[in-house]
Amino acid sequence: MVRLAVTGAAGRMGQEVLAAAADREVEVAFAVNRSPVAEPIAGVDVQPTDEFAALLADHQPDAVVDFTGPDSAVDYADACAEIGVALVTGTTGFDEAGLAALKAASESTAVLKASNFSRGVAALRLAVQEATAALPDADIELTETHHNAKRDAPSGTAKTLLDDIQEVREDLSERVHGREGEAPRSTDEIGVHARRAGDIAGKHEVLLGGSNETLSLTHRAGDRSIFADGALDAAEWLAGREAGWYDFFEVIEGE
Ligand SMILES: NC(=O)C1=CN([C@@H]2O[C@H](COP(=O)(O)OP(=O)(O)OC[C@H]3O[C@@H](n4cnc5c(N)ncnc54)[C@H](OP(=O)(O)O)[C@@H]3O)[C@@H](O)[C@H]2O)C=CC1
Ligand SMILES: O=C(O)C1=N[C@H](C(=O)O)C[C@H](O)C1
């Protein structure tokens, strides 16, 4: 049985991961949270984040599952790299320095980063790549919609989809975030729109517009269990692997 540690345990995703771990009988060696947590979550006592490095050394879990923020994710990655514990991170909103730090950690331990652990989004990515190649003249607009507490915009998934699109359509060099006033569309842009409302778990739509036809590819997350399940699948797959940089497609293809 794989033994995991969970960071951000009291966050929306941390709680979901602990609930999913209890459902599938994954052992949680320890869990941490920045703010104090009085009651156990899904039967797991939650320790202060300050104790993460010491807990990691004491418990030596097979992998850490992290959904927190970009700065803390880098700190957790450094601690994992220090003693060779695998890291699965779903955290989004990294800047270039943060990404570089995660990649540096992957030289010493196995790191799997995914902006979205839903299998539906993995399928959406493939569909978007195909549609983009099949409609080389289409105007492309991406819209993502999330709950009102999301910190980063556009979403990590949106950025991943934009990278996928730009890999196929090198002519689409400009990401235009919203439009206002006199803002005619040029042929080299991808429009990017981020909406925040209520408790929406996550929706991503890629719209490809041509002459007399449009194609819309949309993924809607019903709830966060899909992300937690995908992250636990990734942690089970990653445990015991050598140092390196891994992605969620490798988990799906490896099944
Ligand atoms: N890849 C995927 O499939 C998914 C990725 N995400 C991403 O996961 C991340 C977390 O999302 P969500 O659970 O909704 O966010 P929440 O705000 O609900 O939870 C964030 C958690 O991280 C902790 N945290 C935040 N900043 C720090 C810090 N500097 N040091 C230590 N702990 C910190 C918070 O602690 P405290 O309780 O003290 O505030 C909290 O426990 C986001 O980046 C989000 O985009 C979300 C869903 C799916
Ligand atoms: O913050 C969220 O909630 C989500 N974040 C991820 C992202 O930024 O893409 C994944 C999912 O859409 C939910």
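α6 gives the most to the lining of the second largest pocket, with seven residues. Helices here are DSSP runs of H or I with at least four residues, strands are E runs of at least two, and both are numbered from the N terminus. This is a predicted model, where local features need pLDDT of at least 70, side-chain atom pairs count only at pLDDT 80 or more, and totals for chains, interfaces and linings use all residues. Residues are numbered from 1 along each chain as its sequence is written, chains are lettered from A and ligands numbered from 1 in the order in which they are written, and side-chain values use heavy atoms, with hydrogens and water left out.

**The two pockets**

A pocket is an open set of points on a 1 Å grid over the protein atoms alone, where a 1.4 Å probe fits and protein lies on both sides within 12 Å along at least five of seven lines; lining residues have an atom within 4 Å of a point. Points are joined across faces, edges and corners, and the volume is the space filled by probe spheres set on them. For the classes, Ala, Val, Leu, Ile, Met, Phe, Trp, Tyr, Cys and Pro are nonpolar, Asp, Glu, Lys and Arg are charged, and the others, Gly among them, are polar.

| Pocket | Volume | Lining classes |
|---|---|---|
| Largest pocket | about 1,200 Å³ | 11 nonpolar, 23 polar, eight charged |
| Second largest pocket | about 740 Å³ | 10 nonpolar, 10 polar, 11 charged |

The largest pocket is lined by 42 residues, and R12, F67, T68, G69 and R151 sit closest to its centre. Elements that put two or more residues into this lining are α1 (12-23), α3 (70-83) and α6 (156-168). Of these, α3 gives the most, with five residues.

For the second largest pocket, 31 residues make the lining, with K113, S115, R125, T160 and D163 nearest its centre. Two or more residues each come from α4 (96-105), α5 (119-134), α6, β12 (244-246) and α8 (248-253). Where does the second largest pocket lie? Domain 1 (2-117 + 224-253) and domain 2 (119-220) both give residues to the lining, so the pocket lies between them. The largest pocket also draws at least three residues from each of domain 1 and domain 2. Those domain bounds come from an automatic or database domain assignment.

An unreviewed UniProt entry annotates H146 and K150 as "active site". Both H146 and K150 are in the lining of the largest pocket, and H146 lies in strand β7. The unreviewed entry also places "domain: Dihydrodipicolinate reductase N-terminal" at residues 2-117. Over that stretch the chain is 38% helix and 22% strand, with the end C-alpha atoms 19 Å apart. UniProt positions use the numbering given here, feature names are shortened, and annotations may be inferred rather than shown by experiment.

**The sheet**

β7 also belongs to an open, mixed sheet of five strands, in the order β8-β9-β7-β10-β11. β8 (174-177) and β11 (214-220) are at the edges with a single partner strand each, so one side of each has no neighbour in the sheet. Pairing takes at least two DSSP bridges between two strands. β8 runs parallel to β9 (residues 189-196), joined by four bridges; R175 has I190 of β9 as its bridge partner.

**Backbone spots to check**

A153 and P154 are joined by a cis peptide bond, with omega about -10°. P154 is in the loop between β7 (139-146) and α6. Q60, a residue other than glycine, has a positive phi near 45°, and Q60 lies in the loop between α2 (52-59) and β4 (63-66).
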